[in-house]
Amino acid sequence: MLVSKIGPDSAYVSDESKVKGYADTLYIPENEAEVIEAVLGSKGPITISGMRTGMCGGSVPYGGNVISMERFDSFIGIGHDDRGFFVRVQPFVTVRQLNDLLRRKAYLDLPELTEGALELLRSEGKEYFYPVDPTELNGSLGGNIVSNASGPRTYRYGPTRNWVRRVRTVLPDGSVLDIKRGDLKAEGRVLRLPMKDGLKEIKLPSYTYNTSVKNTTGMFVEDDMDAVDLFVGSEGMFGILTEADLYIVESHPLISNIVFLPGDMDAYALSRDFPESGVVPEFLEFFDSGSLDLIRAVREEDPRYTDMPDIPKDAGSALFFDLPYDDALVDSYNRLKPVIERHGGSLEHSWCGHDLRDRQRFFSMRHSVPETIFRYVAKLQGTSSPGIHTLSLHDPPPSSCSSSRSSPL
């Protein structure tokens with residue numbers, strides 16, 4: 001295990017928010033035994049560090065020590081249960097790496113976790129993908145899990161929580177908890193976790209966690225909750241994730257669409273009325289007027305930026321959505337047409353693309369917005385506004401890190 005002092009200019013004291021903290025010692029363990037050693041050897045608070053792609057300051061330490069999980073970057077195996085196939089990963093594997101593995105069918109080379117899983121995969125001959133699509137595809141899956149990351153596929157697939165089968169976690173006393181869904185549940189609002197000195201009773205908060213809207217804020221709680229959900233979205237307060245099982249789903253051809261609208265309120269209203277059409281998109285996200293203006297401004301300096309046509313001059317907002325590219329596509333467009341026109345949009349004057357290159361261009365445009373903001377903020381920090389920071393408060397992209405500064409355990 002690498003152990004070193006952390007200086008004020010270390011990359012380990014900041015993340016994409018550009019907020020800077022401070023810490024004493026950096027631990028970079030190579031295996032779970034060394035994670036336990038680092039936890040037991042640390043004096044004071046611990047901050048867990050991964051890719052540091054988050055914009056909510058989750059990996060920014062304020063004293064104590066940092067444990068970086070950067071060497072936990074392996075795929076462990078493939079399995080199957082009553083729900084379907086799952087992949088076992090270490091926390092530093094990224095969303096992009098997982099989907100690349102699935103696209104190349106390289107999972108066929110992984111060890112088999114359940115008997116017959118590989119034979120079943122080969123016999124089906126289907127393609128699979130991981131459906132959670134956070135803003136930062138290079139964020140770690142461990143960070144996604146501890147922040148319950150979501151994204152524009154949440155409309156159909158829900159957040160990360162829906163796809164976590166199992167977690168393996170090092171607890172604050174150095175014990176290891178390895179549980180899958182159904183193994184351990186709370187009794188009402190009391191959860192008892194097995195630790196070195198016996199069962200540790202945790203009294204869960206009494207508030208009601210709102211699941212009727214897209215919500216990645218705060219620790220999930222409910223009566224008789226599954227213990228897996230204590231760790232999903234808890235930002236590392238209860239332990240350090242070392243392994244996880246994530247379900248995957250069969251993939252299918254898609255067509256990407258960008259509909260331009262007069263203003264922000266039109267995009268809000270269209271997204272609200274989208275269910276009225278009866279069409280369930282695979283992906284739904286909107287660009288506000290500021291985002292479109294940002295892209296326009298950068299394209300004036302570099303016309304090759306985003307590899308897309310010019311945004312229409314009269315466009316004040318846009319809605320980006322994917323639909324299944326199947327026999328129902330024409331019917332889906334016919335259902336959407338009157339709803340889109342009601343809010344000032346037109347399918348005839350929209351962008352669409354179904355081949356891989358076109359869809360990659362669409363998503364490149366989508367990711368160009370936060371990337372441009374990062375560059376702009378970095379420029380201001382170096383010139384007129386050194387104290388400015390990028391900070392996501394409401395629905396953060398997946399923090400690849402989490403903090404356990406004062407674990408309730």
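Start by selecting K126: this residue is partly exposed, with a relative accessible area of 33% (buried is under 20%, exposed over 50%, partly exposed in between, with a 1.4 Å probe and protein chains only). The model is predicted, so local features need pLDDT of at least 70 and side-chain atom pairs pLDDT 80 or more, while totals for chains, interfaces and linings use all residues. Residues are numbered from 1 along each chain as its sequence is written, and side-chain values use heavy atoms, without hydrogens and water.

**Stop 1: K126 and E250**

K126 forms a salt bridge with E250, with 3.6 Å between the closest N and O atoms (a salt bridge is a side-chain nitrogen of Lys or Arg within 4 Å of a carboxyl oxygen of Asp or Glu). This pair links distant parts of the chain, 124 residues apart: K126 sits in the loop between α3 (117–124) and β7 (128–129), E250 in strand β13 (residues 249–250). Helices (H or I, at least four residues) and strands (E, at least two) are DSSP runs, numbered from the N terminus. E250 counts as partly exposed, at 38% relative accessibility.

**Stop 2: R181 and D229**

Select R181 and D229 next. Their salt bridge has its closest N and O atoms 2.8 Å apart. R181 lies in the loop between β9 (176–180) and β10 (190–195) and D229 in helix α6 (residues 228–231), so the pair ties together parts 48 residues apart in sequence. D229 is buried, with a relative accessible area of 7%. R181 is partly exposed, at 29%.

Now select E32, D81, R88, R165, R166, R168, D178, E243 and D245. Salt bridges that share partners join these residues into one network.

**Stop 3: K20 and D9**

Go to K20 and D9. Their side chains meet in a salt bridge (3.4 Å, N to O). Both K20 and D9 lie in the loop between β1 (2–5) and β2 (25–28), so the pair ties together parts that are 11 residues apart in sequence. D9 is exposed, at 67% relative accessibility. The count of salt bridges comes to 31.

**Stop 4: a cavity**

The structure holds 2 cavities of 30 Å³ or more. A cavity is a set of points on a 1 Å grid over the protein atoms alone where a 1.4 Å probe fits but cannot get out; lining residues have an atom within 4 Å of a point.

Select I145, V146, T169, F231, S234, G236, G239, I240 and L241 to show its lining. α4 (141–146) and β12 (240–247) are the elements that give two or more residues to this lining. The lining residues divide into 5 nonpolar, 4 polar and no charged. Here Ala, Val, Leu, Ile, Met, Phe, Trp, Tyr, Cys and Pro count as nonpolar, Asp, Glu, Lys and Arg as charged, and the others, Gly among them, as polar.

Note on methods. 1 Å grid on protein atoms, 1.4 Å probe; cavity = no way out; pocket = protein on both sides within 12 Å on 5 of 7 lines; lining within 4 Å. Points joined across faces, edges and corners; volume = space filled by probe spheres on them.
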